[in-house]
Amino acid sequence: MNENERQVKSITPKSEDFSKWYLELVQKAELADYTPMKGMMVIRPHGYAVWENIQRLLDLRIKATGHVNAYFPLFIPEGFLKKEAEHVQGFSPQVAWVTIGGEEELEERLAVRPTSEAIIGHMYARWIKSWRDLPVLVNQWANIVRWEKVTRPFLRTTEFLWQEGHTCHETAEEGEAETLKVLDMYKEFCETELAIPVLSGRKSLREKFAGAQMTYAIEALMSDGKALQMGTSHNLGQHFSKAFDIKFEDRKQTLQYVWQTSWGMTTRTVGALIMVHGDDSGLRFPPRVAPVQVILVPISVGDWRRNVLPVAQAAVNGLRAAGVRVSLDAREEATPGWKFAEYEMRGVPLRVEIGPRDVKAGQAVLVRRDTKAKETVPLASLPSRVPEILDSIQAGLFSQAKVFLEANIRDAADYQGFKDILENQRGFVRAPWCGGEACEDRIKTETMATIRVIPLDEPEGTAEGACVCCGGQGKAVAYFARAY
Ligand SMILES: [Zn+2]
């Protein structure tokens, strides 16, 4: 066993210590690394390649729904942030400030953007004059800084990457429709590309975005039973348009404030991929976002460079022509066994092995990362068979995660039952809630759980049964969970 082999095998099993498993995997699979600045991570090439795939596939959807990309400044004058009272109150504990430029003290300090509503609102007030200028459907891909006390790579970092959509509409109805359209887009994206099933719905007012009228979210269940917010879509109403004076002349020539939305999805999604799909051997990336979908490992025995390598290279070319992201590892300093463990840990969905005997038989051995099942395939069929297997892996990871999610949504009969589920089983607890913040606060203090979403098909005010906490009249059925 060489040094590398020992390293591969030293990951703490997921079942033994989930948090340790996660942190070790992030580093050993070279997704991210720590820096001397607390809470700031480097996204390494293997992790960044996943983010690039997420970006590309989400950007396609953002554009297909009529949005365009733009870029706004990193700094926001303090006065802008203060214009929307709830917004500044919500974000001020997390804002980093620039007070000196070069060697001069600034007259007004600048916030490093914790989100861009304020600067974008200021610009929209200049650009929007008439109903003919609407809707404005703009998205930005950017970095964000929020000073965090407790951090964890990908899940909560002081600086992170995201996209933020900022739209303006003529009517309240159009704003609400946009908010829900984006929520659906996020849900479809997570399920199709990330193979992560989600619950979608609205947040309670306590959990909504600072300055929003209503926040909607999609929530996924990590394999340790904790929830993770995957994306949010906010109906801002006229809160920011009144604060930033974004007015337009409507079709009857009266001045009106625009109706706005904002929505975002971040590098947290990479953390979700690790926590939803990973196992004791390492990562299991869904093929659609995997940096490398297929790793071809030639079996290095005998005169393999002459007998096997050209066949392996031809197989790689054939797969590339079929649109597969494939890589060939012909390094001589590492054994096939080490390579197998390494690529399993790095989450490559499918391994192709070709040895001297396979060459003679005109075949290759395929090993799936998700089930570790083996299959022998004629070399000539690789370009047709491999994409089929990749689709099957994508579908298999999704259905595995969906079975897990569904098995971990439980109804609570009473408050004791509610507490027992969160203590012993975790997952989502579905329960009626009276709508009161006092109960939300008590639940959070006593169980560490929060309302993750209130499903949209549960209209407010019609819940059956009593509030799981106070026993008062239930107003909505909510999904509660402990969350990252
Ligand atoms: Zn209550």
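I count two strands as paired if DSSP finds at least two bridges between them. The model I am reading is predicted.

**Entry: strand β9 and its partners**

I began with β9, residues 199–202. With which strands does β9 pair? With β10, I found four bridges, and the two strands run antiparallel. In that pairing Ser-200 stands opposite Ile-218 of β10. With β22, the pairing is again antiparallel and covers two bridges. Here I noted Gly-201 across from Pro-455, which belongs to β22. The number of bridges in the β9–β22 pairing is two, and at least two are needed for a pair.

**Entry: the open sheet**

Next I looked up a sheet of three strands. In what order do the strands of this open sheet lie? I read the order as β4-β6-β5, with antiparallel pairing. β4 (75–77) and β5 (96–101) are the edge strands; each has a single partner, so one side of each is left without a neighbour in the sheet. From one strand to the next, the twist averages 45 degrees. I then checked the contact between β4 and β6, where β6 spans residues 104–112 and three bridges join the antiparallel pair. Ile-76 is found opposite Ala-111 in β6.

**Entry: the largest pocket**

How much space lies in the largest pocket? I have it down as about 1500 Å³. Its lining comprises 46 residues, and those closest to the centre are Arg-146, Glu-148, Arg-156, Gln-229 and Arg-268. I also asked which elements supply the lining. At least two residues each come from α5 (85–91), β8 (159–169), β11 (227–237), β14 (259–266) and β22 (450–455). By residue type, the lining of the largest pocket splits into 16 nonpolar, 15 polar and 15 charged.

**Entry: the second largest pocket**

For the second largest pocket I wrote down a volume of about 210 Å³. Its lining has 17 residues, and Ser-223, Val-276, Gln-400, Ala-401 and Phe-404 lie nearest the centre. Two or more residues of this lining come from each of β10 (214–221), α9 (268–277) and α14 (382–407). Which element gives the most? That is α14, with five residues. The lining of the second largest pocket holds 10 nonpolar, four polar and three charged residues.

**Entry: α3 against α9**

I recorded the crossing of α3 and α9 as right-handed.

**Entry: two backbone details**

Which residues does a cis peptide bond join? I found Leu-134 and Pro-135, with omega at about -5 degrees. Pro-135 sits in the loop between α6 (117–127) and β7 (136–145).

I also noted Gln-253, which is not a glycine and yet has a positive phi of about 60 degrees. Gln-253 belongs to the loop between β12 (247–249) and β13 (255–257).

Note on methods
Residues are numbered from 1 along each chain as its sequence is written. This is a predicted model: local features need pLDDT of at least 70, side-chain atom pairs count only at pLDDT 80 or more; totals for chains, interfaces and linings use all residues. Side-chain values use heavy atoms; hydrogens and water are left out. Axes are lines fitted to C-alpha atoms, for helices over the stretch in contact, and angles run from 0 to 180 degrees between N-to-C directions. On a 1 Å grid over the protein atoms alone, a cavity is a set of points where a 1.4 Å probe fits but cannot get out, and a pocket is an open set with protein on both sides within 12 Å along at least five of seven lines; lining residues have an atom within 4 Å of a point. Grid points are joined across faces, edges and corners, and a volume is the space filled by probe spheres set on the points. Ala, Val, Leu, Ile, Met, Phe, Trp, Tyr, Cys and Pro count as nonpolar, Asp, Glu, Lys and Arg as charged, and the others, Gly among them, as polar. A crossing is left-handed if the near helix is turned anticlockwise from the far one by less than a right angle, and right-handed if clockwise.
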